[in-house]
Amino acid sequence: MKTEEIFLMLGELDEKLIAKASEDLERHRLSGQTYHIEEKDKFSWKRLAIGSVCAAAVIFGVIFAVKNFTGGKIPYYPDGQSDTSEAPSSDTSDWNSSDTSSTSSDTSDTSDTSSDTSSTSSDTSSTSSDTSDTSSNSSDTSSTTPVVPDDKPAYDDVFKEVVYNPTSYGPPLTYEEIVNRLTPDPNYPEYDRDSLYLVEVIKALSAEESKNVAGWRSDNTLYSVKILTDLGRGETINKIANVSATPGTVEYQEPGDPPYAPGDRFTAALTKPYEGRDYLSADYLFRYDVVEENGKTMLYSRGSDIDEQDLPTSEKINEKVITSTTKNPAEYTQKLELGALVDFWRKLQKDLIKYSETEFDANSPYPYQEALKSGRISPDAPKLDLATAKKIIAEKGHFEDIITEFEKVQPYPDYSKYTAVQCTKYCPTEYEVISMIWGDQGEIDYVQYDPDGSIKYSEVLFKTDYDYGSDPNAHFLFYISCSKDEFKRGNEFTAEIEMVNNSGKPYVFEGQESLFRPEVTLYHTDNGKEYVIPYEPVPDTGNSGRYEMAPGELRSYTFRFNIPADAPAGEYNLNILYENSSNFDFGIFVMD
Amino acid sequence: MEDKQIVELFWERNESALSEVSQKYGRFGKAIANNIVGNYTDAEDCFNDVLLTVWNTIPPNKPDDLRAYIGKIVRRSAINTFRKETAQKRGGKEIQPIFDELAEFSSDYSVEAVAEQHEIIAEINTYLKTLSERKQKVFILRYWHCCEVSEISAVTGYSEANVYSILTRERKKLLDYLRKRGVLN
């Protein structure tokens, strides 16, 4: 059987399996958010948020469950309004090309913010996110008590925590990654970013309005906004548009990223108007809350920071600020002046134009040469050398951390190719190679050659002596105790699961200890309906690390789940799975 | 428009079905094709061929899942284009590494009978269902959607290194499983 035949045969895989993956892929492509599970560099609040519901399977289950609770859609009624079917009109067709001369009295000053951010308008008092009180604490990186504003927050009566973004935002992207992110992709012209804008929220759209505007997509909040200023081009706009911005909805919110209230302002890299689409998307990366402080326009990020190497005047912070609901304070992680972001955006645009004029083969196995040829880097750009590599390896100790640090030193390796295993090479000089190979395991080697090609010296710099949390010999036993075995729809189902290392030897796993747990699925024995059961958060032990579970060691986990209102009646089994160990035995019954 | 309505349009021989498919699944189909053939122009041509195939096959077919139906046709059409391109020494974007990975499953043994292929697919489906949903998605995104590892990482939340690791491990386990089940030599 030829490889092509196998490939074509795989086209016939189960449609249900394909549908699940397709939905996630579509959601990812629409939202433009990147999901990195590694959260080593994030603040503890973020880890806590992630730790609470981080395993993506579980989170998808939560979303799935929520959607099932609500018959597939997530209702919300902002401002106490009832659901309406009429979507607000949006004029996204020509706001960029026309009417840029009309000035808004409260935004004209922001048209050229890069040179003088202190001259920006101070008319943001209408926003409900009065964060001015927190400015004095901005240098304090410890988590602060949320500041309660004088005005009653807009959405104070609604908040249910649902993490829509499975793993939240990962470590800041490198400059090259941002450039790649903003480079137009011919596959997705509707997601080409147009410019950096300052917008003011008019209202969050209701579920029905969102559905009318964006179709099936219901996991991001759509806002009717007034686009005030094209910060990238330095033009006043003053147009109305629908913008997809925060994850979740008004009722079901991402922790730390509450919905915007009427009057709130934020910056956003918006997509270009696209025929047939009545809304614009705000890239998560450039979304900053706008707050006037002491005559300056300050920006606060909600976790999606731009690397401080690229924004040297930015400040890392860790503040909780009540904006639109006391139940879900905005969690700010970076603070900077508006002008700094605008300058950065404009630099990016110049580089994007420069890069677009040169050929760059992103799939070339020789990224360094490609980058050099296309002008992305200069010939004197730093290269990873042995001393730096050794220093990074000594400091980090984990393969993925090392990769990340290597990429920071030399973003474009001399060689990179993936054929079943990934091989990346850095060549400090003509006769030296630092090579990284990883598949099941990872290894970093250094080789020095003589001019005739013979090996002069070689050294293994790093080697993982374990798989990434996988051990084919791992064996676990699961003991289950369930709250009861018969349920009505809407009942809470609780399972206490004990997991014992029965392999007779220590089991090693890498990552955040709070994420170590079996995956639990409740599935209908007849019709295949299944629900991923969320777990109760386990306290975060801090940074990622390498952990051992001793032979015979027992760990307990609690899983809770509300039987959905539309759950088919009948017998369900619990599928508990970790590595190659599983338990399928425990049955519950949902009453008709 | 709902899939069911689009399929009905095809059955009515209403040409607006084509524009509905283009609007709803154009991006999806072209993305798969682009990953296989490696350039957008060919991917667009591919998708145009796909529209014709869909027009010619519905009716008599009445697919329950239009997206999967179109995806399958896109893959076939794109592979044909890829063959032509390979003959002209123009490589695909992501498909070659995928072929390299799937080469582990290749053999001299010929599986031509449709029934036999169905048996293998049924076993692969059974195996995939034993995996966690997240790992299923990694597999499907790689070998059905032909996604790059970086995109799989972004969608599933696994790091790229873990995606590599999962793919390598699951291929090995699947191969063992298929051999044990006697459907593959």
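**Exercise 1.** What pLDDT does chain A average, and what share of the residues score at least 70?

*Solution.* The model is predicted; local features need pLDDT of at least 70, side-chain atom pairs count only at pLDDT 80 or more, and totals for chains, interfaces and linings use all residues. Residues are numbered from 1 along each chain as its sequence is written, chains are lettered from A and ligands numbered from 1 in the order written, and side-chain values use heavy atoms, without hydrogens and water.

Step 1. pLDDT is the predictor's confidence in each residue, from 0 to 100. Chain A averages 71, and 68% of the residues score at least 70.

**Exercise 2.** Describe the packing of α9(A) against α10(A).

*Solution.* Step 1. The axes (lines fitted to C-alpha atoms over the stretch in contact, with angles from 0 to 180 degrees between N-to-C directions) of helix α9 (residues 386-396) of chain A and helix α10 (residues 399-409) of chain A come within 9 Å and cross at roughly 145°.

Step 2. Residues in this contact include A:Ile392 and A:Ile393 of α9(A) and A:Ile402 and A:Phe406 of α10(A).

Step 3. By class, the contact has 6 nonpolar, 1 polar and 3 charged residues; Ala, Val, Leu, Ile, Met, Phe, Trp, Tyr, Cys and Pro count as nonpolar, Asp, Glu, Lys and Arg as charged, and the others, Gly among them, as polar.

Conventions:
Helices (H or I, at least four residues) and strands (E, at least two) are DSSP runs, numbered from the N terminus. A crossing is left-handed if the near helix is turned anticlockwise from the far one by less than a right angle, and right-handed if clockwise. Contact means heavy atoms within 4.5 Å.
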